[in-house]
Structure formats: structure tokens, C-alpha cells
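Here are my notes for you, written as numbered points. Keep the model open while you read, and look up each place as we get to it.

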2 protein chains.
Amino acid sequence: MFTILPIKGYLDKIDGFFCDGISAGLKPNGKLDLGFIYSDTLCETEAIFTLNKFQAAPLKHYQRYEKGFKTNFVLINSKNANALTGEKGIEDINTIFSSLNFDLTNPLMSSTGVIGNPLPVEKIVAGANSFDLSSKNGENLSQAIMTTDAYSKTSLYEVKLEDGSSFKIGSVAKGAGMINPNLATMLCFICTDAAVPKEDMRELLEQNSHTTFNAISVDGDTSTNDTVLLLANKKSNAYDKEAFKEALRLVMHDMAMLIVADGEGAKKAVAFEVINAADDKEAEIAAKALSNSLLVKTALFGEDPNFGRIASTIGASRVTCDETKLVISYNDVVVFNKGEIYFDAAQEEKAAKVLKNDKYKVICDLGAGEGKFTAYGCDLGYKYVEINADYRT
Amino acid sequence: MFTILPIKGYLDKIDGFFCDGISAGLKPNGKLDLGFIYSDTLCETEAIFTLNKFQAAPLKHYQRYEKGFKTNFVLINSKNANALTGEKGIEDINTIFSSLNFDLTNPLMSSTGVIGNPLPVEKIVAGANSFDLSSKNGENLSQAIMTTDAYSKTSLYEVKLEDGSSFKIGSVAKGAGMINPNLATMLCFICTDAAVPKEDMRELLEQNSHTTFNAISVDGDTSTNDTVLLLANKKSNAYDKEAFKEALRLVMHDMAMLIVADGEGAKKAVAFEVINAADDKEAEIAAKALSNSLLVKTALFGEDPNFGRIASTIGASRVTCDETKLVISYNDVVVFNKGEIYFDAAQEEKAAKVLKNDKYKVICDLGAGEGKFTAYGCDLGYKYVEINADYRT
């Protein structure tokens, strides 16, 4: 038995972790753009990176450390992704770390922003050298890593175990555009003082990714920089695998849901629940096809219960399906039932009412087996176009 | 040797074909919404249909005819797709044909519009019974089959063979949204008086689809109704396989390019040319990833030479690629060259100038082999959202 309690505050509430965010002049108008996470003891570390073939320089830099390395520092900048910058991008990171006035062990870097511009090394060094490593300012860190995010994304839990011991786990993330299954375009930093063994870190990160970060989509693109980083300083000495697994799942689910609800220009967070598919894989294919479909996303934006587009998208995904077995509902409002169209004016009005919510489910019962998967997506409206038509300026 | 000449006019200029479009009250405000193609002799027929698993009723109706059937009539309506309508959708088509005052052989139907509404049978019967089968009014037909198309799409060629004989081939199509590789959401009707053997019709339709309809994308969705129909009345007695293949390719290419340039709300038609990929299949995967990427499409809309998104999309498509071999150009303006970023203010200005055009190429040299493929796409702007947020009303 264990208890998981959400607590107020940022990941700096976890014993031994420090963080802050400052303005280093990367973003205009003095906005926060450079942050850090510092641990006063060395942390075990695990990361999941993007499947994009062009991994950004910080990801390559991480992977050049020896297997099983420990770290006490992560430097994070927004506005420049340090991607498509070749060997120079990695050299820039080394230059930055060798220019800092701190005693750091295996320092890590993480970047988000425009692809294909050289990193502004001098500004970053000058900014980082002004850090106070004893700061506990999670709010500033959460702001500094944002790009087109409308709001900052954090989560914090305390886990109490049966023997009276406890640990904390917390996270800060950035998301917005380019969010896609197989890791969103996003950075997510998770810190814990749980005494989690290294091998559990990898296993549980991967297990929980499948139903959280890999289940969300904003626009179907996968970035060069996606990173989920887990740092464990083990200060609490407390650990229970089931409890840690569930707390990690909660943190990752929180971050994934905040990211999808803050999809660029999104007003609605929608769960696409595919049930009774031939198997779980087919359920996942169909659910992700729905969360990625432009025609579905624009209909959600228009609050239009256009279930024909839902059905068409499932058909186009080429999973096992048959219109005489298909049932489509918006929450509990059935609009298509095994070939019968439940769509008189009264039913349409009920469905339209569901679509006015900020959050709802689209449930598709394929009647083909026992597979199920839920993908999370958002609507797509004018604001997405506005943000992305001229992102660089 | 043969000569292919584009000629003015519609497919009714082909000997023995008749067509027209009328208003049957399916669209509001007396817009044309019902059309036909009639042939005064029986036509050999071949069709390519959508890969969507939920094929619309007209597609199923076609496939219930005996193999090798001939026809002399195609009835086409817009505004209602007769899709997801089950067995009733097919019965409705039979009811319509049994209620017409014409002597027709194996009549075909084709529908486009909203999915999941029953076909307005009475309006269609009343409208179709007012047809004059001796009409030659291709302009009206081209209007009647439009949904969100901004303009009608037709093409016509005369092919002169070495022996002095000649044949004609012409087409009318509708496209706009939901255009995706593996057949666009579109209807395309091709008529010819060439004496083309049945087996060549299938072979050449499939061959030419790969580089035309299957190479275009508007929004990555594949509809329930996609159809390319080829009708051959063989009246000319003229035929040469190479000449016919090329003329058919031209007609299909014309239609595909008109459809992509008229993507919902699109201002720009862009060719994504992937060269030196590991093989042709990988080139196709990368090229189609580009033409389907929301981030690429919104950057094109914003006339923003954001080559980072081009590279990121190629990386996300997971084809063989390496940033030290990658070269990206907009027409002849190189912006990224094997790890070097060619992107000072002068180069950016040149690139931005290319992006102001209505048509241009994005060329990606992967340096991995000899594979190549060109996909055709368009930009995505506010208008796409406007059209699709409330399509049904």
C-alpha cells in the first residue's frame, strides 16, 4: 500500500534539487530564456530521446558520456534548438561548459527553438555564469524553457510508503507545437529523491511513455530535440517499485495532458478512445490516425459533430473495421450505431453540446476484437496557422 | 512517333460522349449539383478506388457488376457522399436508376460531399429525369461535381498517330480537401475514343497513378469516395500503347496539379523533390512526409524559408539520412549544404524571394543513393481552417 499526494510547488521542493531561470538575451524583451537544474549530490540519470534521425547536438552530447554516468547539472535554453548544427553544435556545448565558473560533473544541456542556427555561445555563457546554484525558483525555470507554450507546465507529488518512509517526484516540461506520437516535440525534466535503481528508471520511463507522451499529438510532427530526462538523487532512501511506477506515470500523464491542452492555438483537449479493435496495435493505429487528422481536428475546432470524418479517418487507417459493427460516440452520445445513423436534429443537438466542452471523449467501438488504445489530441484553428506561419520572427 | 496536342473544350468534344450539369436542389441557392456523362455506345470501363476501408456506396455498387461489364452512363452528385450509409446506400442507387426515364446499360453513380447522410433520392430522381442526354455541356458538368473547389478542373488532348489516325482523351475532376497519397479525395472521370484494349486500361491507369494522383497531398486524409474512372468507347479505332500511355499520363498529371493547386485555401503549389535517397521507396516516404507536414505547410503559407522544418521532417520520416550529406534548396537557392548552413541575410533574402512564388520546388538531396520521388503539396493557411471548421453547413 502507498499513498500518492499531489503537492503545491515546483521540483525544487525535492530535497537537494535547485533551479532557476533568467534572461540571457536569447528571446527579445527580457523574457526568461535560460534555466538550470542543479543537484547538490550526483544523480543517476536516464533519458528517452526523439526518434527523429537528425538528433540535435545536446542529444548527441548526452550520448557521448560513458554508460551509467552521473550528473549534477542540466542547462536548458529556449529560442535555439542547436539542431542541424553538426559537430560544431557539440563543440559549442563543450565550450559553454568549459567557460562556466562552477564545479560541475558531466553537465547536460537541453535546447529548444529554431533549428539550424548556431548557438549564441557567448550570451549563454554570460547568462549561465550569473546563475545562483542555491536558488529554488521553479517558476522561473518553467518560464525560461517555454517557446510557443501559452502557460508553464509543472507537476509535483509526494509518495508515502507503508513503512512510513516517503519520496517526492516532480517535473517541468515544455510542449506546444510539433507534438506527435513517438515522443512529442517537447522537453520534460523529472526529478526525484526516491532510491530508484538505475534499471527501474529505464524500464518505467519506457513503459509509461507508451500511454503518456507517445499517445499525444498536436500536429503530427516529431522534432529533433524531444527529450524526457529523469534525474534521481536517491536522498530519501525510500523506494517501492509499484509506488514509483504509478507516481512516475502520474507525472508523465500530467505533463502529456498539459502539453496536448496547450497545443499551438488549441482550445480543446480530446481523448480518442478506440475500443474492441482487432488488437491493441490496431487500436493504437486508429486512435493516432484520429488525433492526427486535420479534417477531424478542424471539425473539433468548429464544434461540428461531423462523425463522417471520424469514420472516414478510421477507414483510411486501414485497420480491421466494418461499418455494420462500428459504433461512434461523443462522450455518451451515440451518433453512429452499426450502420444506423443516429443523427436526427435532437441527436445532433446533444452531440453539438458535448463538442462545446473543453474536454471530451470520442469513442470508437470497432467491434473487431478486444484491442484498445486512447490517443490524446487537440483541435486545430486559426491560431495554429498564425503561430506557425512565421515562427522564426 | 505521335503528337499530343492540348485542345480547347470539354470531354464532350470526344465523339460519342455527352454531358451536362443541373441544379437538383442538393446545394443551396440553385447551384449546379447533379451531372452526367452519357455515351451513345457502350464503353469499356476501368476504375481505381480509394484505399479507405469504408468504401462509399457508389464504389460498392460499381463492384457488384460482373467483371468486364460495359456501361453508357455515369450519374454524379455533389453535396452528399452516400458513404457510411450501408446496404441502404446501395439500394438508394438502384432505386434511382430504376426510376429514370432513360434506357441505360449498367449505369454507374459517383458521389461526393458529406459522409453519413442518406442520399436525397427523390431530388436526384427528379433532377436526373430532366437531363437531356444529347447535351454537350462540359462546363456545367465540371461545376456540378465541385464541393469546396475554387475552380473547375478539366483537360483535353488530341493524339495524332503516325498512320494519320487520331484519338481524343479528356477529363473532368473535382478535388480540394482530403487529398492524400494513395488516391486523393477526389473524383476524376476520363473519357476517350481510343481503341484501347481493356487490359491496357488497367495497367496504364495504375502506372500513371503512382506519379500523379498518388503523389499529391492537401491534408493527408484519404476519403471514402475517391475514384478515377476511365471510359473508352473505342469509336476512333485509333490506338498506340505508348501514345495512349503518355496522353493518359498528361490528363492525370493535369488533374492532379489542378487539384493540388486548389487545395482548400491553398495559395501555393509546391513540388517536394527528394533526390539521391537510398532507394525510390525511401525518396517517396520522405517526399510525402514533406508534402503532409503541417509545420512545413504553415511555413510555406508564411513564406518563411524555415529549412530547419524541412530537415526535421525528413529526419522524422526515418529514411536513411545524415546531416553531413544533406543538401536543401528552394529552387536553385541552397540553404543547407552538408552541415553548413548557408543562411546569412543575403541567402535568406534570396530564399524568401523564391517562397513568394505561386509555384516552386523544395529540393532535398539525401546523398544516400540514387532513389528519387517528387510529391506535390500546397501551403496551409487560415482559409483551410475556415473551410473545414464548419464544412457541413
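Which residues in α9(A) are buried? Hold that thought for a moment, as some ground rules come first. This is a predicted model, where local features need pLDDT of at least 70 and side-chain atom pairs count only at pLDDT 80 or more, while totals for chains, interfaces and linings use all residues. Residues are numbered from 1 along each chain as its sequence is written, chains are lettered from A and ligands numbered from 1 in the order in which they are written, and side-chain values use heavy atoms, with hydrogens and water left out.

1. Back to the question. The buried residues in α9(A) are Phe307(A), Gly308(A), Arg309(A), Ile310(A), Ala311(A), Ser312(A), Thr313(A), Ile314(A) and Gly315(A). Helix α9 covers residues 307–316 of chain A, and nine of its 10 residues are buried, so call it mostly covered. Here "buried" means under 20% relative accessible area, "exposed" over 50%, and "partly exposed" in between, using a 1.4 Å probe and protein chains only. Helices (H or I, at least four residues) and strands (E, at least two) are DSSP runs, numbered from the N terminus. Just after α9(A), Arg318(A) has a positive phi of about 65°.

2. Now look at what α9(A) packs against. Helix α8 of chain A (residues 294–301) and α9(A) have axes that come within 9 Å and cross at roughly 160°. Axes are lines fitted to C-alpha atoms, for helices over the stretch in contact, and angles run from 0 to 180 degrees between N-to-C directions. The two helices are therefore roughly antiparallel; angles under 35 degrees count as roughly parallel, over 145 as roughly antiparallel, 65 to 115 as roughly perpendicular and the rest as oblique. The crossing is left-handed, meaning that the near helix is turned anticlockwise from the far one by less than a right angle (clockwise would be right-handed). Leu295(A), Val296(A), Thr298(A) and Ala299(A) of α8(A) meet Arg309(A), Ile310(A) and Thr313(A) of α9(A), where contact means heavy atoms within 4.5 Å. By class, that contact has four nonpolar, two polar and one charged residues. For the classes, Ala, Val, Leu, Ile, Met, Phe, Trp, Tyr, Cys and Pro count as nonpolar, Asp, Glu, Lys and Arg as charged, and the others, Gly among them, as polar.

3. What is the angle between α5(A) and α6(A)? Helix α5 (residues 198–211) and helix α6 (residues 241–261) of chain A pack at about 45°, with their axes 10 Å apart. That is why α5(A) and α6(A) are called oblique to each other. Their crossing is right-handed. Among the residues making the contact are Leu204(A) and Leu205(A) from α5(A), plus Phe244(A), Leu248(A) and Met252(A) from α6(A). Sorted by class, this contact has five nonpolar, three polar and five charged residues.

4. Over in chain B, helix α2 (residues 86–98) and helix α3 (residues 121–128) have axes that come within 9 Å and cross at roughly 30°. So α2(B) and α3(B) are roughly parallel, and their crossing is right-handed. Asp92(B), Thr95(B) and Ile96(B) of α2(B) make the contact with Val121(B), Ile124(B) and Val125(B) of α3(B).

5. Is Ser39(A) buried or exposed? Ser39(A) is buried, at 2% relative accessible area, and belongs to strand β3 of chain A (residues 34–49). The side chain of Ser39(A) reaches the backbone oxygen of Thr41(A) at 2.5 Å. Leaving aside neighbours within four places in sequence, Ser39(A) is in contact with Gly16(A), Phe17(A), Asn72(A) and Asn233(A).

6. Lys288(B) is buried too, with a relative accessible area of 11%. You'll find Lys288(B) in helix α7 of chain B (residues 280–292), with its side chain reaching the backbone oxygen of Asn214(B) at 2.9 Å.

7. Finally, visit a loop. Asn29(A) lies between β2 (17–22) and β3 of chain A, and its phi is near 60°, a positive value in a residue other than glycine. At 73% relative accessibility, Asn29(A) counts as exposed.

Key:
A polar contact is a pair of N or O atoms within 3.5 Å; within protein, one must be able to donate a hydrogen and the other to accept it, and residues adjacent in sequence count only if both atoms are side-chain atoms.
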